[in-house]
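Open the model in your viewer and keep the selection tool at hand. The tour goes from one selection to the next and says what is there.

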Amino acid sequence: MLGSLFALLVSLLLVGITVSIGARFRPDGGWYRELCKPSWAPADIAFPIAWGILYLLIVIAARRT
């Protein structure tokens, strides 16, 4: 039990560091919005939702080990 609690805390710490780095170093300017993207490209709001779910699943997977 102590090992899985440790794995949970370590994974939460690593995910937190990763998220904070991503929030700190955002792409400068609007170069991404100015790109010529196909009509089927997802909306900008889809990316934080998808990454949030992925990070949650990473923490859950670490907890299960």
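Select Trp-51 to begin. Trp-51 is partly exposed, because its relative accessible area is 48%, and partly exposed covers the values between under 20% for buried and over 50% for exposed. Trp-51 belongs to helix 3, which covers residues 46-64. Keep in mind that this is a predicted model.

How many aromatic pairs does a search of the whole structure find? The search finds 1 aromatic pair. The rings of Trp-51 and Tyr-55 have centres 5.8 Å apart and planes at 40 degrees, so the pair is tilted. The reasoning needs two cut-offs: planes under 30 degrees apart would count as stacked, and planes over 60 degrees apart as edge-to-face. Trp-51 and Tyr-55 are 4 residues apart in helix 3, so about one helical turn separates them.

In sequence, Trp-51 and Val-19 are 32 residues apart; in space, their C-alpha atoms are 9.4 Å apart.

Next, go to Ser-11. Ser-11 sits in helix 1, which covers residues 2-24. Is Ser-11 buried or exposed? Ser-11 is buried, because its relative accessible area is 7% and the limit for buried is under 20%. Show the side chain of Ser-11 and the backbone of Leu-8: a polar atom of the Ser-11 side chain lies 2.9 Å from the backbone oxygen of Leu-8. Ser-11 and Ile-58 are 47 residues apart along the chain, and 7.6 Å separates their C-alpha atoms.

Move to Ser-4, which is also placed in helix 1. Ser-4 is buried, with a relative accessible area of 15%. Select Leu-56 together with Ser-4. The two are 52 residues apart along the chain, with 16 Å between their C-alpha atoms.

For the last pair of side chains, select Arg-24 and Phe-25. Arg-24 lies over the face of Phe-25, at 5.4 Å from the ring centre.

What elements does the chain have? There are 3 helices and 0 strands, and from the N terminus the order is α-α-α.

Switch to a surface view. The accessible surface comes to about 5700 Å², and 73% of that surface belongs to carbon and sulfur atoms. Of the 65 residues, 9% count as buried.

Finally, colour the chain by pLDDT. The mean over the protein chain is 83, and 95% of the residues reach 70 or more. Which element has the lowest mean pLDDT? Select helix 2, residues 31-34: its mean of 81 is the lowest among the elements, while helix 3 has the highest, 85. Where pLDDT is low, the predicted coordinates should not be read in detail.

How values were computed: Residues numbered from 1 in each chain as written. Predicted model: local features only at pLDDT ≥ 70, side-chain atom pairs only at ≥ 80, totals over all residues. Heavy atoms only, no water. pLDDT = per-residue confidence, 0-100. Helix = DSSP H or I, 4+ residues; strand = E, 2+ residues; numbered from the N terminus. Buried < 20%, exposed > 50% of the residue type's maximum accessible area, 1.4 Å probe, protein only. Areas by Shrake-Rupley, 256 points an atom, 1.4 Å probe, with all protein chains shown as cover. Phe/Tyr/Trp six-rings, centres within 6.5 Å; stacked < 30°, edge-to-face > 60°. Lys NZ or Arg CZ within 6 Å of the ring centre and 35° of its normal. Polar contact = N/O pair within 3.5 Å; in protein donor to acceptor, adjacent residues only side chain to side chain.
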